[in-house]
Amino acid sequence: EAALAEAGAQMEDGRATRVVLMGDGATTLGESRASALADQAGDLFGGKDATVTTIGVGSSVDSLVFEAISAETGGKYHWVSSGEDLLSAAIGIIASLRVPVIEDARIEFDGLEVKDVYPAALAAVTSGEEITVLGRCRGAGDLRVKIGGRVGGSDWGREYSFTVGEAGKKNGFVPIMWASRRMDALTLDGSEAAREEIVALSRAFSLPSRYTSFIVLENEKMYE
């Protein structure tokens, strides 16, 4: 919270501001809720030529906090693992700050009902970047995906078509990925209804959350 406020205080009118926030995402003083910290960042930097890029370092990063802050300000979240080459990681992060390829990126769906899409909004997309978009599709049939934005100041867009079949076990990992992102979004919501849905999803997909935990016992008899 204090770091964001200090960065906001150093902004100068008429100059682009690129803030880089690095750490493990754990809050020890002041506000600790991810949604409140993201709102604070939006109030400080929203509507200005300013972004906050967050970098999580290590194996125990609270990515929800960092992702929320960067998404609210049009920045990017990067994770650097403990064994990763820091120089290569730094070069990639600097490139994402300086050379956005698609600005104001957006994605639209047509042909089938698609809901609960995550991420709900796309930021600038850089060269070589991969973005996984997850959502729930009702029914089977032809799905058209429209991707758009601005490239070099001009409008840009592409359209792709897919045939969506019935859900099966072949790609059983996809619902788990979606459930994880859904739980993140609900955690930011913070309401009692959101908490109840998080617990239900956690149990249904065997995913840990801020409101649930799992105990692994050594043998079947211990479960009795």
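This is a guided walk through the predicted model shown above, from the whole chain down to single residues.

Before we set off, note that residues are numbered from 1 along each chain as its sequence is written, and that side-chain values use heavy atoms, with hydrogens and water left out. Because the model is predicted, local features need pLDDT of at least 70 and side-chain atom pairs count only at pLDDT 80 or more, while totals for chains, interfaces and linings use all residues.

Let us begin with the whole chain. Its secondary structure comes to six helices and nine strands; helices (H or I, at least four residues) and strands (E, at least two) are DSSP runs, numbered from the N terminus. The C-alpha trace spans about 65 × 45 × 40 Å along its principal axes. Of the 224 residues, 28% count as buried. Here, buried means under 20% relative accessible area, exposed means over 50%, and partly exposed lies in between (1.4 Å probe, protein chains only). Looking at contacts (heavy atoms within 4.5 Å), residues 24 or more positions apart account for 58% of those in the chain with a separation of 6 or more.

Now for the helices. Two packed helices are described by the angle between their axes and the distance between the axes. The axes are lines fitted to C-alpha atoms, for helices over the stretch in contact, and angles run from 0 to 180 degrees between N-to-C directions. Start with α1 and α2, which pack at an angle of about 5° with their axes 10 Å apart. These two helices are therefore roughly parallel; angles under 35 degrees count as roughly parallel, over 145 as roughly antiparallel, 65 to 115 as roughly perpendicular and the rest as oblique. From α1, the contact uses Leu-4, Ala-5, Ala-7 and Gly-8, and from α2 it uses Leu-37, Gln-40, Ala-41, Leu-44 and Phe-45. Sorted by class, these are seven nonpolar, two polar and no charged residues. Ala, Val, Leu, Ile, Met, Phe, Trp, Tyr, Cys and Pro count as nonpolar, Asp, Glu, Lys and Arg as charged, and the others, Gly among them, as polar.

Next, find helix α3 (residues 63-72), whose buried residues are Leu-64, Val-65, Phe-66, Ala-68, Ile-69 and Ser-70. What do they pack against? The buried residues of α3 pack against α1 (2-9), β1 (17-23), α2 (34-45), β2 (50-57), β3 (77-80) and α5. After α3 comes Gly-74, whose phi is positive, near 75°.

Follow the chain on to helix α5 (residues 173-189) and helix α6 (residues 192-205), which pack at an angle of about 160° with their axes 9 Å apart. This pair is therefore roughly antiparallel. The contact includes Trp-178, Arg-182 and Leu-186 of α5, along with Glu-197, Leu-201 and Phe-205 of α6. Its residues divide into 10 nonpolar, two polar and three charged.

Met-177 also lies in helix α5. Is Met-177 buried, partly exposed or exposed? With a relative accessible area of 34%, Met-177 is partly exposed. Leaving aside neighbours within four places in sequence, Met-177 is in contact with Thr-132 and Leu-134.

Our last stop is the salt bridges, each a side-chain nitrogen of Lys or Arg within 4 Å of a carboxyl oxygen of Asp or Glu. How many salt bridges does a search of the whole structure find? The search finds 11. Asp-116 is in strand β5, 66 residues from Arg-182. Arg-182 is buried, with a relative accessible area of 16%, whereas Asp-116 counts as partly exposed at 24%. Arg-182 also meets Glu-197 in a salt bridge (3.0 Å, N to O). Glu-197 counts as partly exposed, at 28% relative accessibility. Put together, Asp-116, Arg-136, Arg-182 and Glu-197 are linked in a network of salt bridges.

One further salt bridge joins the side chains of Glu-113 and Arg-138 (3.1 Å, N to O). Glu-113 lies in strand β5 (residues 113-118) and Arg-138 in strand β7 (residues 134-138), so the pair ties together parts that are 25 residues apart in sequence. Glu-113 is partly exposed at 42% relative accessibility, while Arg-138, at 52%, counts as exposed.
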